[in-house]
Amino acid sequence: MQISIVDRNVDLTAKQKELVDRQIEYSFDRFETHIRAVEVVLNDVNGPKGGSDIQCRVRLMLHSKGEVLVEGREVSVEAAVSSVIDRASIAVGRRVERLKDSQGTSMSGQ
């Protein structure tokens with residue numbers, strides 16, 4: 001599983017990059033056979049004004065059936081990454097279950 005972290009207008013520290021890597025591996029490890037690549041894009045949309053301005057977009061490219069895209073905004077990098085990766089993990093789980101169900105249905109109908 002290839003992991004890409006892009007920071008736009010956000011100066012990620014080494015510790016924050018490590019946190020993103022760990023969360024990705026922890027959250028998506030069980031789906032590793034289904035995920036080809038993970039891209040995390042972080043953007044500070046309001047600049048130094050403050051507020052809920054850290055946007056996180058997680059894009060998961062799957063081996064089959066396209067991709068999963070989840071995004072959200074939070075006050076900090078850590079909160080944005082945690083929230084969006086949690087939601088992305090749930091979305092990938094649903095997609096994998098649907099794939100299993102559709103494969104099981106097509107096989108049982110033969």
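## Close-up views of a predicted model

**View 1. Surroundings of Gln55.** Apart from residues up to four places away in sequence, Gln55 touches Val41, Leu42, Asn43, Val45, Glu71, Gly72 and Arg73, where contact means heavy atoms within 4.5 Å. This is a predicted model, in which local features need pLDDT of at least 70 and side-chain atom pairs count only at pLDDT 80 or more, while totals for chains, interfaces and linings use all residues. Residues are numbered from 1 along each chain as its sequence is written, and side-chain values use heavy atoms, with hydrogens and water left out. Gln55 sits in strand E3 (residues 54-62); helices (H or I, at least four residues) and strands (E, at least two) are DSSP runs numbered from the N terminus. With a relative accessible area of 16%, Gln55 is buried, given that buried means under 20% relative accessible area, exposed over 50%, and partly exposed in between (1.4 Å probe, protein chains only). The side chain of Gln55 also makes a polar contact with the side chain of Glu71 at 3.2 Å. A polar contact is a pair of N or O atoms within 3.5 Å; within protein, one must be able to donate a hydrogen and the other to accept it, and residues adjacent in sequence count only if both atoms are side-chain atoms.

View 2. An open sheet of mixed pairing is formed by 4 strands in the order E1-E2-E3-E4, two strands being paired if DSSP finds at least two bridges between them. The edge strands, E1 (2-8) and E4 (67-74), each pair on one side only. From one strand to the next, the twist averages 10°, with axes taken as lines fitted to C-alpha atoms (for helices over the stretch in contact) and angles running from 0 to 180 degrees between N-to-C directions.

View 3. E1 pairs with strand E2 (residues 35-44) in the parallel sense over 7 bridges; Ile5 stands opposite Val40 in E2, and the bridge partner of Ser4 in E2 is Glu39. The chain passes from E1 through H1 to E2 in a β-α-β crossover that is left-handed, a crossover being right-handed if, with the strands pointing away from the viewer, the path from the first strand over the helix to the second runs clockwise. Helix H1 (residues 14-28) lies across E1, E2 and E3 and runs at about 140° to E1.

View 4. The structure holds 4 salt bridges, each defined as a side-chain nitrogen of Lys or Arg within 4 Å of a carboxyl oxygen of Asp or Glu. In one of them, the side chains of Glu18 and Arg22 meet at 2.9 Å, N to O. Because Glu18 and Arg22 are 4 residues apart in helix H1, they are separated by about one helical turn. Glu18 is partly exposed at 45% relative accessibility, and Arg22 is partly exposed at 48%.

**View 5. Salt bridges between strands.** The side chains of Arg59 and Glu39 meet in a salt bridge (3.8 Å, N to O). This pair links distant parts of the chain, with Arg59 in strand E3 and Glu39 in strand E2, 20 residues apart. Glu39, Arg59 and Glu67 are linked in a network of salt bridges. Glu71 forms a salt bridge with Arg57, their closest N and O atoms lying 2.9 Å apart. Here too the pair links distant parts of the chain, Glu71 in strand E4 and Arg57 in strand E3, 14 residues apart.
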